[in-house]
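Welcome! Let us walk through this structure together, one piece at a time.

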Amino acid sequence: MFSIDLAEDAQMFPLEARHAQEFLAHIERGREFIGEYVGFPDRTTDLDSARALLAKYAASAGEDGPRFFGIRLDGTLVGGVLFRMFEAHYGNCEIGCWLEPDAAGRGLVTKACHVLIDYAFGERGMHRVEWHAASGNKKSLAVAARLGMTRDGVMRENYLHRGVRQDTEVWSVLSHEWAATRSA
């Protein structure tokens with residue numbers, strides 16, 4: 001299996017259906033923290049639903065669509081990043097993240113997102129990478145800023161999560177902006 005080192009004790013790897021037990025244990029440890037702004041923990045309640053979610057994204061990756069990547073810290077799955085939307089024919093994609101509370105603050109998500117953005121622009125020829133996050137999710141918005149993204153705007157009350165309508169901020173970086181940042 002391939003993995004990419006994010007730090008001496010952390011790796012990023014493709015999440016597949018065979019990781020369902022590990023993924024479910026991870027969701028159980030961080031369900032409330034992760035689920036505060038992210039929807040899939042509410043739908044991942046048992047081994048079958050964990051396997052189905054991972055199989056859906058693995059199949060989508062096989063069709064050059066959205067895909068999940070896990071982040072392990074000291075051998076334990078603690079979070080992940082994803083291409084939530086991946087439309088190579090349009091040159092656009094959207095990335096996102098999730099993390100257990102005990103793994104926060106180590107820069108793992110930012111490093112993993114750098115890998116995704118480098119891949120999107122460098123290998124896949126994307127033109128635009130987007131980041132969507134609830135306006136209340138300050139940690140996620142801080143990652144977008146650290147990645148050098150620009151805040152494009154706010155979609156007001158567009159997302160219903162746990163019975164509450166949330167605003168979504170849209171951030172983005174364009175390929176020429178990323179290239180300029182990387183060469184500086």
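Helices (DSSP runs of H or I, at least four residues) and strands (DSSP runs of E, at least two) are numbered from the N terminus. What we are looking at is a predicted model, where local features need pLDDT of at least 70 and side-chain atom pairs count only at pLDDT 80 or more, while totals for chains, interfaces and linings use all residues. Residues are numbered from 1 along each chain as its sequence is written, and side-chain values use heavy atoms, with hydrogens and water left out.

Let us stay with Leu174 for a moment. Contact here means heavy atoms within 4.5 Å. Setting aside neighbours within four places in sequence, Leu174 is in contact with Phe121, His127 and Arg128. His127 is 47 residues from Leu174 in sequence, yet their C-alpha atoms are 5.7 Å apart in space.

Next come the helices. Two packed helices are described by the angle between their axes and the distance between the axes. Axes are lines fitted to C-alpha atoms, for helices over the stretch in contact, and angles run from 0 to 180 degrees between N-to-C directions. Helix 4 (residues 108-123) packs with helix 6 (residues 175-183) at about 120 degrees, and their axes are 11 Å apart. Helix 4 is therefore oblique to helix 6; angles under 35 degrees count as roughly parallel, over 145 as roughly antiparallel, 65 to 115 as roughly perpendicular and the rest as oblique. On the helix 4 side, the contact is made by His114, Ile117, Asp118 and Phe121, and helix 6 brings Ser175, Trp178 and Arg182. Phe121 is also one of the contacts of Leu174.

Now turn to helix 1 (residues 20-35) and helix 3 (residues 47-62), which pack at an angle of about 110 degrees with axes 9 Å apart. These two helices are therefore roughly perpendicular to each other.

Side chains of opposite charge can pair when their charged atoms come close. A salt bridge is a side-chain nitrogen of Lys or Arg within 4 Å of a carboxyl oxygen of Asp or Glu, and by this rule the count comes to 13. One of them joins Glu22 and Arg72, at 2.7 Å from N to O. Glu22 is in helix 1 and Arg72 in strand 3 (residues 67-73), so this pair links distant parts of the chain, 50 residues apart.
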